[in-house]
Amino acid sequence: MAFECQQTVPRIEEVDNPQVILINNIKKFTFESENPKSISKLNAKTALSVNESLLNNSWPITDLPPALISEILNCLDPKELGILSCVNTYFYRLASEHHVWKEFYCERWGHPITPDNFGPGNSDEKSWKELFVEREFHSKTFMGRFSIDTLYGHTEAIRAVFVLASKKIVFTSGYDQIVRMWDMEEGLSIASSRPLGCTIRSLAADTRLLVAGGTDGFIHGWKAEDGNAHLFDLCVPQNQNMEFRVWEHDGPITCLALDFGKIYSGSWDMTICIWDRSTLKCLKVLVHNDWVWSLVPNDTLLMSTAGSDVHLWDITSGTTLAVINRAHVGNTYSLTCSHTGKLLFTGGEDGSIHMFGIARNAKCNVRKIATWIPHTGSVYSLAFEFPWLVSASSDGKISLIDVRKLLKKTSRHSPIQNSFEGDHMDQKHVEPPQRMLHGFGRNLFSVCIGCDRIVCGGEEGIVRIWNFSQALEIEQRVRTLRGIRLENRMRRRKIQISSKGSQSEQCLVAARNNQTNGDRNGWHYKHKCKT
Amino acid sequence: MSSSEERKLILKSSDNEEFVVKESSAVQCLTIKNLVEDRCVSDPIPLANVDSKILALVIEFMEKHAETTLSNSEKKEFDVEFVKKPFDDLLELILAANYLDFRELMDVLCNTCAKQMENWSVEEVREKFNIQNDYTVEEEKAARAENPWAFE
């Protein structure tokens, strides 16, 4: 039998007898006795690639059991997985069915909202890979053409804008103390509340609850009604069951957030209150050393800005995990984070935006990844939907930044890499934003992103919605038109050339004599012949 | 010093070489840990799927990581040096780490392999891994069209 194993495995270059290589390789592969498929594949491969292995001395990676190849694929980025799937049908299968695509998708955008694809397992089955590819392609939409919807209604400056993407509703409020609901697609007002008694500086909503907080330090909330298509009934005179008002803060509430069980409110009284949603009782108070400007919760981590510092809190224990001192020159007005909470973005009075990476290990490690200085005035508001970071500023401009390139540099594979090495390089690397949106003369206070749209409100009291949903279609149309025009041009040229050829003898002779004179003369002759 | 910390285990590779290791380092490998906990330990422990060269490397890694006196950055430096090996060795180490259920080593190795594969083009992957392209021309075009962003 061909199983006469040698004690040591000789290096392949030393052996000139292919037969022996086969034997030794089979011996190596007693590992995979559970995987008979790979052994037969191996036999085929060694038969085919014996010559190559003589040259290359490489051990085909495909002979690892699929589970182990999957482990390696787990560490790859979508781009590399994409390349791998073009290598070989075997890899294609591995890379496409790979559950990592689900991870990639959810990491960036959370679970898909639309009800008709709950992911694989549905009759209308789209694999996670397809979903990811679509969404990734779709993110280009923000570089394309947009249309603007302007919503009038507020009589004074707008301080807070909130987009509820799942229902396509925009909530806005400001100095006129009224909370208004708008339909994002139609660009029409749905409802408006009565004046709440003070300037409303912040709004937050999800499908069950809408909360507004203002200068007087109370939180006014509406509960969602089950039959209502627009969820909240703002107009109805005070209904005990559906509306409520709670007091706790001593100063104006500047920021609000909701998550599954809690309401978070931050105020100029230097505290953040964490409320239980069902009982509406304040569970915890997190004390800061300065006015709280902005907060964002993510899972068990709460990030907040107070003065010019950024704080990271653990929600369950209420303890500080990390502090970034003097993140900006002047106040750090705005804060947002990525879906997983691994990226943190801050914007400040100095007009700059910083990006930090958060590593949730035993202690919370924060390091600065990048800086942008797109604005000449304070950055009042930030919004993030992978891979676009949107900022609104007092200089009346909105900047759009694509963070994908930066993410490549700070790779996911940090266990081996010394994670602080990359820092110094990246900090000096300040890229300009991919796009700037203009059109405002005055301060912009709040911006949100969702459903292929960017919504912004500011001092002028007008809500503007930049609609990018048609951008990809328009791009496609432009491209086909261009293609058609090019075709027509080529066709016309061909006709010209062929018609020159079929001219009468005279013109032919003349043309021949004037061959070196180029097109212009040819045209003259053609014209002459026709008349 | 209690005697259990000093306890040594003998690991025998597939080619009958024996290696002595501290139990505290060896239990980083869950396979060995399970054997010890279930009291199925017969000295020496035979590891039929790992040869001596690879086992020696695994033990080197294991002992380095078991040392509590080393800081994380020092361990990382060791890892960086450790993975500077030919690709074949890394693949064999992966198989061994999988068999021994040694999560840390597995992660380090997979990350290295993935890192090496970064920025490779399709042709480079085929060449370096010695993979036969079994696509027809149309199939390959279709596959590339599916992943346009990978070629940007």
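**Figure 1. Asp101(B) in the loop between helix 6 and helix 7 of chain B.** In this predicted model, Asp101(B) sits in the loop that runs between helix 6 (87-100) and helix 7 (103-117) of chain B. Asp101(B) is not a glycine, yet its phi is positive, at about 55°. Most residues other than glycine have a negative phi. With a relative accessible area of 35%, Asp101(B) is partly exposed.

**Figure 2. Arg326(A), a residue of chain A with positive phi.** The phi of Arg326(A) is near 45°, a positive value in a residue other than glycine. Arg326(A) belongs to the loop between strand 17 (319-324) and strand 18 of chain A. Its relative accessibility is 65%, so Arg326(A) counts as exposed, the cut-off for that class being over 50%.

**Figure 3. The hairpin of strand 12 and strand 13 in chain A.** Strand 12 (residues 271-276) and strand 13 (residues 282-287) of chain A pair in the antiparallel sense, over 5 bridges. Ile274(A) has Lys284(A), in strand 13 of chain A, as its bridge partner. The two strands have 5 residues between them, and in the turn Leu280(A) takes a positive phi of about 55°.

**Figure 4. The cis peptide bond between Phe386(A) and Pro387(A), and the aromatic cluster that includes Phe386(A).** Omega of the bond joining Phe386(A) and Pro387(A) is about -5°. Most peptide bonds are trans. Pro387(A) is placed in the loop between strand 22 and strand 23 of chain A. Phe386(A) also takes part in one aromatic cluster together with Tyr105(A), Trp109(A), Phe132(A), Phe345(A) and Phe384(A).

**Figure 5. Two aromatic pairs in chain A, one edge-to-face and one tilted.** Over all chains, the structure holds 20 aromatic pairs. In one of them, the ring centres of Phe142(A) and Trp388(A) are 6.2 Å apart and the planes are at 65°, so this pair is edge-to-face. Phe142(A) lies in the loop between helix 7 (128-138) and strand 1 (147-151) of chain A, while Trp388(A) lies in strand 23 (residues 388-393) of chain A, so the pair ties together parts that are 246 residues apart in sequence. Phe142(A) and Trp388(A) are both buried. Tyr333(A) and Tyr380(A) form a tilted pair, with 5.1 Å from centre to centre and 45° between the planes. This pair also links distant parts of the chain, since Tyr333(A) is in strand 18 (residues 332-337) of chain A and Tyr380(A) is in strand 22 (residues 379-385) of chain A, 47 residues apart. Tyr333(A) counts as buried at 13% relative accessibility, whereas Tyr380(A), with a relative accessible area of 23%, is partly exposed.

**Figure 6. Charged side chains over aromatic rings in chain A and chain B.** In chain A, Arg159(A) lies over the face of Phe445(A), at 3.8 Å from the ring centre. In chain B, Lys85(B) lies over the face of Phe82(B), and here the distance from the ring centre is 4.2 Å.

Figure 7. Ser352(A) is found in the loop between strand 19 (343-348) and strand 20 (353-360) of chain A. Beyond its neighbours within four places in sequence, Ser352(A) is in contact with His328(A), Thr346(A), Gly347(A), Thr371(A), Trp372(A), Ile373(A) and Val379(A).

**Figure 8. The largest nonpolar core and another core lying apart from it.** The largest nonpolar core has 86 residues, and those with the most contacts inside it are Met355(A), Trp372(A), Leu389(A), Ile32(B) and Val58(B). Helix 6 of chain B gives the most to this core, with 9 residues. Leaving aside its neighbours within four places in sequence, Val58(B) has contacts with Leu93(B), Ala96(B), Leu100(B), Phe102(B) and Leu105(B). Another core, of 18 residues, lies apart from the largest one and has Leu164(A), Phe171(A), Leu196(A) and Leu210(A) among its members. In soluble globular proteins, nonpolar side chains tend to be buried together.

**Figure 9. Chain A as the setting of the views.** Chain A has 12 helices and 28 strands. Of its 531 residues, 51% are buried. Among contacts in chain A between residues at least 6 apart in sequence, 49% join residues at least 24 apart.

Methods
Residues numbered from 1 in each chain as written. Chains lettered and ligands numbered in written order. Predicted model: local features only at pLDDT ≥ 70, side-chain atom pairs only at ≥ 80, totals over all residues. Heavy atoms only, no water. Phe/Tyr/Trp six-rings, centres within 6.5 Å; stacked < 30°, edge-to-face > 60°. Helix = DSSP H or I, 4+ residues; strand = E, 2+ residues; numbered from the N terminus. Buried < 20%, exposed > 50% of the residue type's maximum accessible area, 1.4 Å probe, protein only. Lys NZ or Arg CZ within 6 Å of the ring centre and 35° of its normal. Contact = heavy atoms within 4.5 Å. Pairing = 2+ DSSP bridges. Core = buried A, V, L, I, M, F, W, Y, C linked by side-chain atoms within 4.5 Å.
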